[in-house]
Amino acid sequence: MLHSMTGFARQTVDTPLGTLSCEIRAVNHRYLDVQFRMPDELRARETELRARIGRTVSRGKLDCSLYFRRATAAGRLAIDRDLVALLGERAAEVQALLPGTRLPDALDVLRWPGVVEEPPVDVEPLYEAGCALLDDTLAALDTMRASEGQRIAGMLDTRCGEMLGIAQGVRERLPEVLEGVQRKQRERLARLDVEADPGRLETELALIAQKLDVDEELDRLASHVEEIRLNLASGEPVGRRLDFLMQELNREANTLGSKSADAATTRAAVELKVLIEQMREQVQNVE
């Protein structure tokens with residue numbers, strides 16, 4: 001199944017240690033680029049968490065944020081009494097030097113870094129909960145990306161069908177186009193009132209027909225379309241292969257336009273290029 005590189009997912013879980021939240025935003029990118037924000041308690045396990053993402057996502061720019069809000073530790077909070085006493089002494093010294101200032105109140109002291117000592121967090125259970133939450137968030141992201149990928153695949157398949165229809169129309173008109181070109185050459189010779197060597201004339205007309213023959217380009221275009229459809233059904237990350245096939249399709253459309261000998265074929269080449277560009281824009285977002 002085709003996967004888009006764009007998606008968003010957010011999951012939250014309550015644990016005995018506190019509340020964990022995970023948020024992932026994904027956009028298209030040539031390679032896998034993960035920007036990670038996480039609590040300090042899990043910073044040492046960042047490499048392992050990145051590896052979990054790499055097992056689910058192969059391409060895209062991901063902003064992954066893991067938030068942790070500790071459970072209320074009422075009754076378990078310790079106060080550094082020595083630090084509080086020191087702060088009181090220093091505050092009194094400052095007030096003596098600056099009589100207009102006020103002493104800090106209790107809440108001011110409690111906000112001072114290091115005054116309140118929280119019990120340490122057991123990292124291993126937190127890491128296990130974080131891994132499970134990350135997996136759930138990645139699964140939700142994958143579901144969204146698969147849904148968008150299915151829409152893109154449908155659009156690409158429809159455009160493939162339209163291109164084959166245009167190519168078939170050009171192929172069916174090819175004998176008529178060649179006959180028209182040859183007729184015009186004979187008419188020019190007749191107006192010039194020049195006696196042409198029949199053998200030489202047939203050779204020249206054959207060369208013109210060879211230059212205008214687009215059967216090979218149409219065959220290659222059909223082959224590329226078949227390859228695109230095979231990739232759409234492969235179930236593997238195929239974004240880069242599809243991007244290459246868009247270049248090949250564009251090359252065939254350009255050649256068809258350069259060999260065109262009538263307005264209808266030129267319009268067909270332009271219509272092909274429009275379809276290819278529409279497909280290319282969508283392929284840029286395929287994993």
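**Exercise 1.** Determine where R111 and D108 lie and how their side chains meet.

*Solution.* Step 1: R111 and D108 are both located in helix α3 (residues 106–111), three residues apart, about one turn of the helix. Helices here are DSSP runs (H or I, at least four residues), as strands are (E, at least two), numbered from the N terminus. The model is predicted: local features need pLDDT of at least 70 and side-chain atom pairs count only at pLDDT 80 or more, while totals for chains, interfaces and linings use all residues. Residues are numbered from 1 along each chain as its sequence is written, and side-chain values use heavy atoms, with hydrogens and water left out.

Step 2: The two side chains meet in a salt bridge at 3.2 Å, N to O. A salt bridge requires a side-chain nitrogen of Lys or Arg within 4 Å of a carboxyl oxygen of Asp or Glu.

Step 3: R111 counts as exposed because its relative accessibility is 61%, whereas D108 is partly exposed at 25%. The classes are buried (under 20% relative accessible area), exposed (over 50%) and partly exposed (in between), with a 1.4 Å probe and protein chains only.

**Exercise 2.** Classify R45 and E48, which form a salt bridge, as buried, partly exposed or exposed.

*Solution.* Step 1: The closest N and O atoms of R45 and E48 are 2.9 Å apart.

Step 2: R45 has 18% relative accessibility and therefore counts as buried; E48, at 35%, counts as partly exposed.

**Exercise 3.** State which residues are linked with R220 in a network of salt bridges.

*Solution.* The network links R220 with E216, E217 and E252.
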